[in-house]
Amino acid sequence: MRESRIAWVDNAKGMSVILVVMMHSALGVGEAMGDEGLLHWIVAFAKPFRIPGFFFIAGLFLSRGIDRDWRAYLDTKLVHFAYFYFLWLFVQWLFKSGLWSGADPLNAFRQLALATIEPFGTLWFIYLLPIFFVVAKLLRGVPPPILLLAAALLETARIESGWTAPDEFAARFFFFLAGHMLAPQVFALAESARRAPRAALTWLLGWAAAEAALAFSPAPIAGYSTLASLPLVSLTAGLAGAAAVIAGAALACDLPAMGWLRYCGANSLAIYLGFFLPMAAARKLILDHDLVANVDMASLIVTLTAVGGPLLLQKMTKRGRFHFLFERPACFRLAARSREIERDARQEAL
């Protein structure tokens, strides 16, 4: 039976993961070349909503599984992401540790051990997401308005402990909960955008103008970079940006030429896990051999390579001995899944 997926959700996840990859790719290239280009402006424009939108979308389907028994819940919400975190932690660590170039083994293994409590590199999202899922289930008895208000206060507090997990939890949990609690309104928004595309486009243009003003205007208060980073403004900008991504994703459903975006969203976990290696390789090749002098072109090539590389690797390994890179083996599951749970898990995956 053909797997049923929601097209606009995949489009939204595709947009989100591409924006994340673009950020790492463009900023790395720009720093190495000492210049900035168009992609850097896009990255700056998306900063207020890029990660909030990612977590907002991740919370959309929480209601489908939050009342399942703990064993089934932990299998899909904790063990699933823990498996991929530790697997790709080891892969990234092999390349970053410097063991191949004579680095101190003790320091390298200390770095690996630290990654159990301090998320490693680009994998922090995979580390934090299961924490959100578990906390949300533990607190499901708390009235939603109180829970959402507490999460908003955490975001506004701007906690800076120096540790990624607590700091990012405080900064992002609100958006994850908002995606969960506002899911019916989000689905209605997507349907409304598809029914009235002209009105949706008009709203998107207005949002883009307001977003640009917030993202590029300096903040009048010391310690904040832009207007979008100010307390309360960041909450509004994050939610509005998430809504814009969803409206744009819904509109893209009716554009045949955007099938590639849906494919990226359906395989966003593979992209997120694997983009670091092709990104680093492409950047090094371009810079070491002076293949591209233009920062815009270099950033674009690195971004496309970072998105396409994991997709190609996933396709190559899907039915071979390395399928475990992107598919969790049965031996790492807590229990056999029902067809319904399997279907939901695939749709809900990053």
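**Figure 1. Helix 9 supplies the largest share of the lining of the largest pocket, seven residues.** This is a predicted model, in which local features need pLDDT of at least 70 and side-chain atom pairs count only at pLDDT 80 or more, while totals for chains, interfaces and linings use all residues. Residues are numbered from 1 along each chain as its sequence is written, and side-chain values use heavy atoms, with hydrogens and water left out. Helices here are DSSP runs (H or I, at least four residues), as are strands (E, at least two), numbered from the N terminus. A pocket is found on a 1 Å grid over the protein atoms alone, as an open set of points where a 1.4 Å probe fits, with protein on both sides within 12 Å along at least five of seven lines; lining residues have an atom within 4 Å of a point.

**Figure 2. A look into the largest pocket, which holds about 920 Å³ of space.** That volume is the space filled by probe spheres set on the grid points, which are joined across faces, edges and corners. The lining counts 36 residues, and those nearest the pocket centre are K47, E168, A171, R172 and S229. Two or more lining residues come from each of helix 1 (7-33), helix 3 (50-58), helix 7 (124-138), helix 8 (144-157), helix 9 (164-181) and helix 12 (233-252). Sorted by class, the lining has 20 nonpolar, eight polar and eight charged residues (Ala, Val, Leu, Ile, Met, Phe, Trp, Tyr, Cys and Pro count as nonpolar, Asp, Glu, Lys and Arg as charged, and the others, Gly among them, as polar).

Figure 3. Rings of Phe, Tyr and Trp (its six-membered ring) pair if their centres lie within 6.5 Å; planes under 30 degrees apart are stacked, over 60 edge-to-face, and the rest tilted. Both F174 and F175 are buried (under 20% relative accessible area; exposed is over 50% and partly exposed lies in between, with a 1.4 Å probe and protein chains only). Elsewhere, one aromatic cluster takes in F54, F55, F81, W124, F125, F132, F133, F169, F173, F176, Y272 and F275.

**Figure 4. R158 and L232 have positive phi although neither is a glycine.** R158, with phi of about 55 degrees, lies in the loop between helix 8 and helix 9 and is partly exposed at 26% relative accessibility. L232, with phi of about 70 degrees, belongs to the loop between helix 11 (197-216) and helix 12, and its relative accessible area of 56% makes it exposed.

**Figure 5. The structure holds zero disulfides.** A disulfide is counted where two cysteine sulfur atoms lie within 2.5 Å. Around C253, the closest cysteine sulfur is in C264, 14 Å away and therefore too far for a bond. C253 is partly exposed at 22% relative accessible area, whereas C331 is exposed at 63%.
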